[in-house]
Amino acid sequence: MSAQDQQEAVLETEAVQVEPPHLYKVLLLNDDYTPMDFVIHVLQRFFAMNREHATEIMLKVHCEGRGVCGLFSRDVAATKVEQVSDFARRHQHPLACVMEKN
Ligand code: TYC
């Protein structure tokens, strides 16, 4: 194979299109029992929000029933859901965290 053929072969391989990975929303659901301060703490601890943004999202969930905490790859979203659910359970709060294909 000539040097030119080799270069063409490489260019053909690079032209193959790949689909972008699907993203997933991680959401918190409202309930009547979890304290507002606990939800704000969760948003700061697991989603790296400052207190102002965390308060905004908590109030959205409280008023509208659900709210988006972030958009992640499937594995990262699943880990967030597990970490938040474990943390809430350990503190004996019914806070629900779910993921949804974007
Ligand atoms: N509704 C709760 C209360 O009044 C607060 C709350 C907000 C609970 C968001 C869950 O995901 C939630 N204490």
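Author: In this predicted model, the lining of the largest pocket consists of Leu29, Asn30, Asp31, Asp32, Thr34, Pro35, Met36, Val39, Met58, Val61, His62 and Leu95. Two elements, H2 and H3, each give two or more residues to this lining, and H3 has the largest share, with 3 residues. Sorted by class, the lining comprises 7 nonpolar, 3 polar and 2 charged residues. The space in the pocket amounts to about 160 Å³.

The largest pocket is the space that the ligand takes. Around the ligand stand Leu28, Leu29, Asn30, Asp31, Thr34, Met36, Val39, Met58, Val61, His62 and Leu95. This shell is made up of 7 nonpolar, 3 polar and 1 charged residues. At least two shell residues come from each of strand E1 (23–29), helix H2 (36–47) and helix H3 (51–64); of the elements, H3 gives the most, namely 3 residues.

At Leu29, a polar backbone atom is 2.8 Å from an oxygen atom of the ligand. At Asp31, a backbone N or O atom lies 2.7 Å from a ligand nitrogen atom. His62 takes part through its side chain, a polar atom of which lies 2.9 Å from a nitrogen atom of the ligand. On its own the ligand has 350 Å² of accessible area, and the protein covers 89% of this.

Notes
Residues numbered from 1 in each chain as written. Predicted model: local features only at pLDDT ≥ 70, side-chain atom pairs only at ≥ 80, totals over all residues. Heavy atoms only, no water. Near = heavy atom within 4 Å. Polar contact = N/O pair within 3.5 Å; in protein donor to acceptor, adjacent residues only side chain to side chain. Areas by Shrake-Rupley, 256 points an atom, 1.4 Å probe, with all protein chains shown as cover. 1 Å grid on protein atoms, 1.4 Å probe; cavity = no way out; pocket = protein on both sides within 12 Å on 5 of 7 lines; lining within 4 Å. Sits in = over half its atoms within 2 Å of the grid points. Helix = DSSP H or I, 4+ residues; strand = E, 2+ residues; numbered from the N terminus. Nonpolar A, V, L, I, M, F, W, Y, C, P; charged D, E, K, R; others polar. Points joined across faces, edges and corners; volume = space filled by probe spheres on them.
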